[in-house]
Amino acid sequence: MSVIVVTLAVCAAAIAGAVLWLRRRYVMVSVSGASMEPAYRSGDRVWVRRAPIGSVRTGQVVVVRLSYPPAWNLAVREPWSIKRVTAAPGDPVPRSGFGALAHVSETTVPDDCLVVSGDNAADSYDSRHCGFVPGDRLLGVVVRHAAAPGPG
C-alpha cells in the first residue's frame with residue numbers, strides 16, 4: 001500500500017512540475033483588434049513562447065507591450081500587441097514608411113530593440129509611430145495560431 005502512495009505522490013509531483021514549467025514557458029494570448037488582419041483576427045487565440053530578444057528573427061510574429069501616446073484610451077485596449085518583426089537586433093534600420101525611425105542616428109537596430117509592424121498598416125499602431133520597441137517589452141514569439149473560440 002505505501003509503495004502505491006509513494007508512486008502516486010511522485011507522479012503528482014512530476015505532473016505539477018511539468019505544468020509549472022509549461023506555464024512559465026508558454027502563455028495563451030487573445031488577439032484584439034484588426035492590426036494583424038488577415039493573418040490574425042480579433043478574437044483569435046495564439047500560443048506564445050516566452051523568448052529573449054536575442055532569439056527573435058525578422059518575420060516572426062511576436063507579442064509586445066507598446067508605448068502608446070497619452071491621447072490613447074488604454075482602458076479599452078489590451079496591454080499586449082501582436083505584431084510582425086520587421087527588423088531584429090543587428091538588422092538595418094528600416095526608414096521608408098517608418099516615420100518614427102526616419103531620423104534616428106543608428107544604422108542598425110540596437111541589440112536590445114525590435115522594429116515591429118502590423119500586417120494591416122492602415123489599422124496598426126507600431127514602430128512606424130513609436131520607433132524602436134525595447135526588448136524588456138517583449139512577451140514572446142507566437143508559436144501556434146488557434147482559431148477563435150466558437151459561440152459559447
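This is a predicted model: local features need pLDDT of at least 70, side-chain atom pairs count only at pLDDT 80 or more; totals for chains, interfaces and linings use all residues.
Strands β2 and β7 run antiparallel to each other and are joined by six bridges. Within the pairing, V46 has H145 of β7 standing opposite. Strand β7 covers residues 138-146, while β2 covers residues 45-50.

Strand β7 also pairs with β3, which consists of residues 61-64. The sense is again antiparallel, and three bridges connect β3 with β7. One of the residues to look for here is V64, whose bridge partner in β7 is L138.

W47 counts as partly exposed because its relative accessibility is 34%, a value that lies between the limits of 20% for buried and 50% for exposed.

The aromatic rings form a further topic. A pair of aromatic rings is described by the distance of the centres and the angle of the planes. In this structure, the number of aromatic pairs is zero. Rings do, however, have charged side chains placed over them, as with W80 and R65. The charged end of R65 sits over the ring of W80, at 4.1 Å from the ring's centre. A further case involves F98: R128 lies over its face, and the distance to the ring centre is 6.0 Å.

Methods: Residues are numbered from 1 along each chain as its sequence is written. Side-chain values use heavy atoms; hydrogens and water are left out. Helices (H or I, at least four residues) and strands (E, at least two) are DSSP runs, numbered from the N terminus. Buried means under 20% relative accessible area, exposed over 50%, partly exposed in between (1.4 Å probe, protein chains only). Two strands pair if DSSP finds at least two bridges between them. Rings of Phe, Tyr and Trp (its six-membered ring) pair if their centres lie within 6.5 Å; planes under 30 degrees apart count as stacked, over 60 as edge-to-face and the rest as tilted. A charge sits over a ring if NZ of Lys or CZ of Arg is within 6 Å of the ring centre and within 35 degrees of the ring normal.
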